[in-house]
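Let's take a walk through a protein together, going from a single pair of atoms out to the whole chain. Keep the picture open while you read.

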Amino acid sequence: MFEIRFLYVMLMNTHSCEDWLLEPSKKPLNVLIKHLNGNVSVKLKSDVEYRGKMIQCDNFMNIILDEAVEHQGGTLVANYGYVLIRGNNILYVSVDQPSV
């Protein structure tokens, strides 16, 4: 128990709590919400990738895509209308930057 307290005190003295917290605008869920109705790429742990317009996202990172297409190994596998992707299967989400 002493080691945990000592480590906690050491960390608190070397870093401020603010350094540990993300700015609200940079939290992953907030970034996704800002890109609602925008195009995203969702890579799953199974190496399948879905691309489409993200129309919904929740606190569990469950994502609904419209006009979704499925890619595996870089090749187009299928075209879908709506796709619900369960958040715990997601490896990463890439948001498309708007062109200037």
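We'll start with a term: a polar contact is a pair of N or O atoms within 3.5 Å, where, within protein, one atom must be able to donate a hydrogen and the other to accept it, and residues adjacent in sequence count only if both atoms are side-chain atoms. A quick note before we use it: this is a predicted model, so local features need pLDDT of at least 70 and side-chain atom pairs count only at pLDDT 80 or more, while totals for chains, interfaces and linings use all residues. Residues are numbered from 1 along each chain as its sequence is written, and side-chain values use heavy atoms, with hydrogens and water left out.

Now find E49, which sits in strand β2. Its side chain makes a polar contact with the side chain of R51, at 3.3 Å. That pair also counts as a salt bridge, meaning a side-chain nitrogen of Lys or Arg within 4 Å of a carboxyl oxygen of Asp or Glu. How covered up are the two partners? E49 is buried at 15% relative accessibility, while R51 is partly exposed at 34%. Setting aside residues up to four places away in sequence, E49 touches S41, V42, K43, V69, E70 and H71; here a contact means heavy atoms within 4.5 Å.

K43 is buried at 17% relative accessible area, whereas D47 is partly exposed at 41%. How many salt bridges turn up in the whole structure? The search finds 2.

Next, hop to D66 in strand β3, which covers residues 63-72. This one is buried but has no salt bridge, and the nearest side chain of opposite charge, K53, is 4.5 Å away. For charges, Lys and Arg count as positive and Asp and Glu as negative, with His and the chain ends not counted. Leaving out residues up to four places away in sequence, D66 touches G52, K53, I55, G81 and Y82.

Back in strand β2 (residues 48-57), look for C57. C57 is buried too, at 10% relative accessibility. Beyond its neighbours within four places in sequence, C57 is in contact with L29, L32, L36, N62 and I63.

Time to zoom out. The protein has 3 helices and 6 strands, and from the N terminus they run α-α-α-β-β-β-β-β-β. Helices (H or I, at least four residues) and strands (E, at least two) are DSSP runs, numbered from the N terminus. Of the 100 residues, 26% are buried.

Finally, how far can you trust the picture? The average pLDDT is 81, and 73% of the residues score at least 70; pLDDT is the predictor's confidence in each residue, from 0 to 100. Over residues 1-12 it stays under 50, and the model has 2 contacts beyond four places in sequence for them. Where pLDDT is low, the predicted coordinates should not be read in detail.

Note on methods
Buried < 20%, exposed > 50% of the residue type's maximum accessible area, 1.4 Å probe, protein only.
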